[in-house]
Amino acid sequence: MTSNVVLIGYMGCGKSTVGKQLAAILSKSFVDLDNYIEVKERNTISNIFKEKGEVYFRKIERKYLLECLGELEDSIISLGGGTPCFGDNMQIIINDTKSTSIYLRTGVATLSQRLFAERSGRPLIAHTNSIEELSEFIGKHLFERNTYYSQAEYIETTDDKAISTIVKEIVDKMH
Ligand code: S3P
């Protein structure tokens, strides 16, 4: 197994929850890129979007992605939903021989249900006013992003699965 495991997938697919359990089982550290950015920038992701805009966010997101991949060892790294979809980030992730990438694939209906109540804290979906509007947005967005996500070395479908099942299936896949 490689030193690091990189979890990718849409907002709400369970990257952090799965990542924490995976880290515990594999005795690795857990690092959430959004959280890493917030600590380094001393600001929340929401505020960075509001104050400096998405282009600035994507620039620093890339910088911290490179920093994490370069410096971390024996870690489960959970990326932001958009991280693999900008610039050559996905290529960098795939080319990193120290890491294995895993796409947590979750369907639109599950994502919409999970994200509706907490959308106000998520800059890209905060504007949606109903679950139907959110579903339509996610459907289109996921379609665009799938090109990037599906380049991951492993794909784990998560719909209707307990976290423990997802974690076990990932461990089995990687051995
Ligand atoms: C984003 C996902 C978020 C965060 C930012 C942008 C995206 O991360 O990086 O709000 O473009 O999908 P999570 O997937 O961890 O929520």
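## Overall shape

The radius of gyration here is taken over C-alpha atoms, and the globule rule is 2.2 Å times the number of residues to the power 0.38. With 175 residues, a compact globule would come out near 16 Å, and the chain has 15 Å, which agrees. Along the principal axes, the C-alpha atoms fill a box of roughly 45 × 35 × 25 Å.

A word on the basis: this is a predicted model, in which local features need pLDDT of at least 70 and side-chain atom pairs count only at pLDDT 80 or more, while totals for chains, interfaces and linings use all residues. Residues are numbered from 1 along each chain as its sequence is written, and side-chain values use heavy atoms, with hydrogens and water left out.

## Fold and burial

The chain has seven helices and five strands, taken as DSSP runs numbered from the N terminus (helices are H or I, at least four residues; strands are E, at least two). Read along the sequence, their order is β-α-β-α-α-β-α-β-α-α-β-α. Of the 175 residues, 47% are buried, meaning under 20% relative accessible area with a 1.4 Å probe and protein chains only.

## Aromatic contacts

The whole structure holds three aromatic pairs (ring centres of Phe, Tyr or the six-membered ring of Trp within 6.5 Å; planes under 30 degrees apart are stacked, over 60 edge-to-face, the rest tilted). One of them joins Y36 and Y64: the centres are 5.9 Å apart and the planes at 70°, so the pair is edge-to-face. Because Y36 lies in helix 2 and Y64 in helix 3, this pair ties together parts 28 residues apart in sequence. Y36 counts as buried at 17% relative accessibility, and so does Y64 at 5%.

Another pair is Y103 with Y149, tilted because the centres are 5.0 Å apart and the planes at 35°. Y103 sits in strand 4 (residues 99-105) and Y149 in helix 6 (residues 131-149), so parts 46 residues apart in sequence are tied together.

## The largest pocket

About 560 Å³ of space lies in the largest pocket (on a 1 Å grid over the protein atoms alone, an open set of points where a 1.4 Å probe fits, with protein on both sides within 12 Å along at least five of seven lines; lining residues have an atom within 4 Å of a point). Among its 32 lining residues, M11, K15, D34, G81 and R122 are the closest to the centre. Helix 3 gives the largest share of the lining, six residues.

Definitions and conventions. Grid points are joined across faces, edges and corners, and a volume is the space filled by probe spheres set on the points. Buried means under 20% relative accessible area, exposed over 50%, partly exposed in between (1.4 Å probe, protein chains only).
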